[in-house]
Structures are given as C-alpha cells and as structure tokens.
Amino acid sequence: MIAGVLLAPGKVEITEFPEPPMGEDCVKVAVAWCGLCGTDFHKFAGKAGSRPVTYPVPLGHEISGVVAEVGAKVTGFKVGDRVTVDPNWSCGHCYYCQNGKRHLCENSRGVVKGMATYICPPVENVYHIPDSLSLREAALTEPLGCCLHGMDLLDVRLGETVAIVGMGAIGSLMLQLCRHSAAGKIVIVEPEEGKRELALRMGATLFVNPTAEDPKEAIARAGIRVDKVMECGGIPATIDTALDIAGRGATVVLFGVAAPEARVSFKPYEAFTKELVIKTSYINPGTTGRAIALLASGAIDTSLAISRQMELEELPEEMATRRYSRLGKVLVRVDKSTRD
Ligand SMILES: [Zn+2]
Ligand SMILES: [Zn+2]
C-alpha cells in the first residue's frame, strides 16, 4: 500500500509500506481522509506524540474511511460501511481500565497510522458514522473528541467567562464548544492577527494579540474576569499566559500537547492566592460517540477549523513548512476516489 511515512525525524516520504496485520477481531478500513495533528509535528521533530515513536511509521491518526474487509470474528460491520476510528486502544483489564480510566491504560497503544491506504484497527475502536455526515467532516471526530474531554474537565457553567489561549484548529473548535456551553464572555489570546475578525465573528468578546499587548492587562482593561482558561498552545509561553490571565478561583485546563522536555516556571504564590485549579487533559476517553453525534448535528462549523485540504503527495512539503497547519486543521485526502 501507499503511505505517508515518517522514516526518521525530519524525513517524510510517500512510499510503499507493508499493510498492517489483519486480525480476526479487526476491521480493515480504506482511509478516505486523515487529519494532521500537532502531535504529528512533534513526531516529525523527533519527539514523542501522545506516546513514544518507533520509525518508520505512517503519520496521522485522525481518520474516516470505508470498511474494506472484516475479520472472521467481527459482527456489526460489513464491507462498504462508512466509519471513523478511535486511534487509542486500551486493554480493558489493567488497574486503570478496571477503574473507569481507560485512557490511562498501562497497555494502551495507537491503532491508527492513518496516512496510509489501509488501517486494521480492532473492532472495538471502529464507529459507524451516519449518512448525513461527510467522510471529510468525520475525520474531525478524534480531535473533537479530545476537545470534548477537555471541555468536560473545564466544566464551563452557563454565563461564565472563558479564555482560550491559542486559536488554531483546536482553539476554533473550543470556541464553538464554549458558545454551545453558553459562556457569557469568551476571550481569545492568539498571535495570528489575521484570526481577529474570524474570532469576533464566531462570538468571541475580546481578541488579544499577545505580541502586541500584554494579555492580562488587556483583559483587565476590558473589565473582564476570567473564570475558566483553556490552554491550547502547548508551549511554555502559552501555559504561562494561561496561568497569568486566570482570575481568582479559576480552573485552567492545559490542553495543548507540550514537547516532552518542556518545562514551565510559574508563580506558586500567585496560583495560591488565586486558588487556581490546574488540570491536564489527555486524549479522548469515551467521547467518540458524542463527537460523531455533534458533528452530525451540524452544530459545529468545521470550515472554521479546517485551513486546507490536500492530497497525500503534498504531505511532505506541509510537514516541512507547516504552511497551512499553522492556521488550522489540514485534512489529507488519502483515497483519491473519495467524493464526500
Ligand atoms: Zn490528534
Ligand atoms: Zn488497560
């Protein structure tokens, strides 16, 4: 099969790659679309994604596709079914799985290497999508599922003020989810000035460009107190900003994936006097079904998160330049015959 393979740090090629092994409890899926994730760029840079990396490996884990074959023991799926796949497999019998925290599974593994003609995930990770949902939009299931977990942890109450630090693809989804959560005010902190108009059109109350003004001062000047902060940048500077702009009693969710060796310094005294609740959000436990339902409902304008769709051949250049990924989600059409 053909795949967009990470051969070594900094080296991606579109090349022949062996098909993944097909088990009797697996579903072989012909990948239609695969989204590029920030973690793919971490891997490209020679760092870990949600887990450590072994080379060579096809990039990508955010997919939609069509069932091409089902294993002998599989029920509930047939050839031709339109599906999406939760890339995170858990064992079901370790301490964490048995205590309702499957995403923290000690034996977890990634079962989707999605920039490839085929993937063969275990059936328990495969989900039907409704006819009303395009394959293209269904490729956003995993990132949206991760956002839903983050939103669950942020726990926005009606009318509260939320600040979102970083408005890439994830921040754009978070902004819409905050609107649906009936946040009273939404502050966006984002250095890409070109996003200002879009943010305000999407319902942001205040857009702060941190390269032009100090976010904490700008927010105070606007008379806004921040109850909840969703940090979507994953770098020390954005984490620093998130803790800085959090108001008294605020909850801060660190959602952006940081580089493994990254460290942040923060002021514990200030966190203490503000009595901050600082949480982290890891992957997408039990949120895949809700993400599919939300996408199918039409409540999320995915065009606001997608910056570009491209063919698999364009992947190496995008990995090297981040030209479109800097602005939002890049969707790669893996199967050229895909029409929706
Ligand atoms: Zn992802
Ligand atoms: Zn487990």
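Between domain 1 and domain 2, two residue pairs are in polar contact, both at pLDDT 80 or more. A polar contact is a pair of N or O atoms within 3.5 Å; within protein, one must be able to donate a hydrogen and the other to accept it, and residues adjacent in sequence count only if both atoms are side-chain atoms. On the side of domain 1 that touches domain 2, three residues are nonpolar, four polar and three charged. Here Ala, Val, Leu, Ile, Met, Phe, Trp, Tyr, Cys and Pro count as nonpolar, Asp, Glu, Lys and Arg as charged, and the others, Gly among them, as polar.

The model is predicted: local features need pLDDT of at least 70, side-chain atom pairs count only at pLDDT 80 or more, and totals for chains, interfaces and linings use all residues. Side-chain values use heavy atoms, with hydrogens and water left out, and residues are numbered from 1 along each chain as its sequence is written.

Domain 1 spans 2-140 + 305-333, and domain 2 spans 146-280. These bounds come from an automatic or database domain assignment. The domain centres, taken over C-alpha atoms, are 28 Å apart. Ten residues from domain 1 and twelve residues from domain 2 make the contact (heavy atoms within 4.5 Å). The two domains bury about 830 Å² between them, 67% of it on carbon and sulfur atoms. Buried area is the accessible area (1.4 Å probe) that two parts lose on being put together, summed over both. His42, Ala305 and Leu327 supply 46% of the area that domain 1 buries against domain 2, more than any other three residues.

One salt bridge crosses this interface. A salt bridge is a side-chain nitrogen of Lys or Arg within 4 Å of a carboxyl oxygen of Asp or Glu. Lys47 and Glu261 form a salt bridge through their side chains, at 3.5 Å from N to O.

The whole structure holds 19 salt bridges. Lys329 pairs with Glu62 at 2.8 Å, N to O. This pair links distant parts of the chain, with Lys329 in strand 18 (residues 329-333) and Glu62 in strand 5, 267 residues apart. Strands (E, at least two residues) and helices (H or I, at least four) are DSSP runs, numbered from the N terminus. Lys329 is buried at 5% relative accessible area, and Glu62 is buried at 1%. Buried means under 20%, exposed over 50%, and partly exposed in between (1.4 Å probe, protein chains only).

Strand 5 also carries Glu69, 41 residues from Lys28 in strand 3. The side chains of Glu69 and Lys28 meet at 3.8 Å, N to O. Glu69 is partly exposed at 34%, whereas Lys28 is buried at 12%. A further salt bridge joins Lys73 and Glu24 at 3.0 Å, N to O. Lys73 is exposed at 59%; Glu24 is partly exposed at 43%. Lys216, Asp244, Glu270 and Lys274 are linked in a network of salt bridges.

Backbone geometry was also examined. Most residues other than glycine have a negative phi, and most peptide bonds are trans. Glu275 has a positive phi of about 45°. Glu275 lies in the loop between helix 9 (268-274) and strand 16 (277-280) and is exposed at 62%. Ile283 also has a positive phi, near 45°. Ile283 sits in the loop between strand 16 and helix 10 and is buried at 10%. A cis peptide bond joins Tyr55 and Pro56, with omega about -10°. Pro56 falls in the loop between helix 1 (38-44) and strand 4 (57-58).

Methods:
Chains are lettered from A and ligands numbered from 1 in the order in which they are written.
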